[in-house]
Amino acid sequence: MLYLVRHADAESKKPGMSDFERELTELGRETTEKMATALKRMGLTIDIVVSSPLVRAVQTAGIFRKVMGVQSDVVKLSELIPGSDFEELIEIIFSLKAENVLAVGHEPHIGEFLGWLIGLKKPIEFKKNTVACVEFSSLSISGGSLKWLIHPDMILNLSER
């Protein structure tokens, strides 16, 4: 399975700060922890976590890694930066030979990537901390199947009941 995640809420860009340096807000950290906990309660296991090298994505990935008990370090992939080639990205993901990979990226790239994976001509919108599960019948780019997509509001609303 491939789990695609959009990074959590990040601080606004400050003067002199590059977009790469933006960190998660406290709300972003809390929401990510709740989402990761929800996935763990669903019985999901993750073998490896990959992330865009941008700070907010790496921080999001690190929280998922920690909460879900992934032993290996987060792998930073420049192919998760918006504008990168989808074929290169999926080939790298398949080359990891992991059964369950969680990949953290950015909009609009992650939504465009999901649309491409499942054969849509349009991207699928990813709000911050949204998680999608894609299943592949074989390790080929011939197409994946969207199993589910969870927006954080769905999880947070359930946990408050």
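Let's start with K97. K97 is exposed, with a relative accessible area of 71%. Exposed here means over 50%, so K97 qualifies. Keep in mind that this is a predicted model.

Where does K97 sit? Look at the loop between α3 and β4. Phi of K97 is near 50°. That is a positive value, and K97 is not a glycine.

Now go to N129. N129 also has a positive phi, about 70°, although N129 is not a glycine. Find N129 in the loop between α4 and β5, where β5 covers residues 131-136. Is N129 buried or exposed? N129 is buried, with a relative accessible area of 2%. The cut-off for buried is under 20%, so N129 falls inside it.

Next, a peptide bond. Which bond is cis? The one from E107 to P108, with omega near 0°. P108 belongs to the loop between β4 and α4. On your sequence, β4 runs over 101-105 and α4 over 109-117.

Which residues form the negative patch? They are D85, E87, E88 and E91. Take E91 from that group. E91 lies in helix α3, residues 86-95. E91 is partly exposed, with a relative accessible area of 48%.

Quick recap. The bond from E107 to P108 is cis. Please find each one in the structure.

Definitions and conventions
Residues are numbered from 1 along each chain as its sequence is written. This is a predicted model: local features need pLDDT of at least 70, side-chain atom pairs count only at pLDDT 80 or more; totals for chains, interfaces and linings use all residues. Side-chain values use heavy atoms; hydrogens and water are left out. Patches are made of residues with over 30% relative accessible area and no salt bridge: like charges are joined within 9 Å, nonpolar side chains (Val, Leu, Ile, Met, Phe, Trp, Tyr) within 5 Å. Accessible areas come from the Shrake-Rupley method with a 1.4 Å probe; for residues, only the protein chains shown count as cover. A salt bridge is a side-chain nitrogen of Lys or Arg within 4 Å of a carboxyl oxygen of Asp or Glu. Lys and Arg count as positive and Asp and Glu as negative; His and the chain ends are not counted. The place of a charge is taken as NZ of Lys, CZ of Arg, CG of Asp or CD of Glu. Helices (H or I, at least four residues) and strands (E, at least two) are DSSP runs, numbered from the N terminus. Buried means under 20% relative accessible area, exposed over 50%, partly exposed in between (1.4 Å probe, protein chains only).
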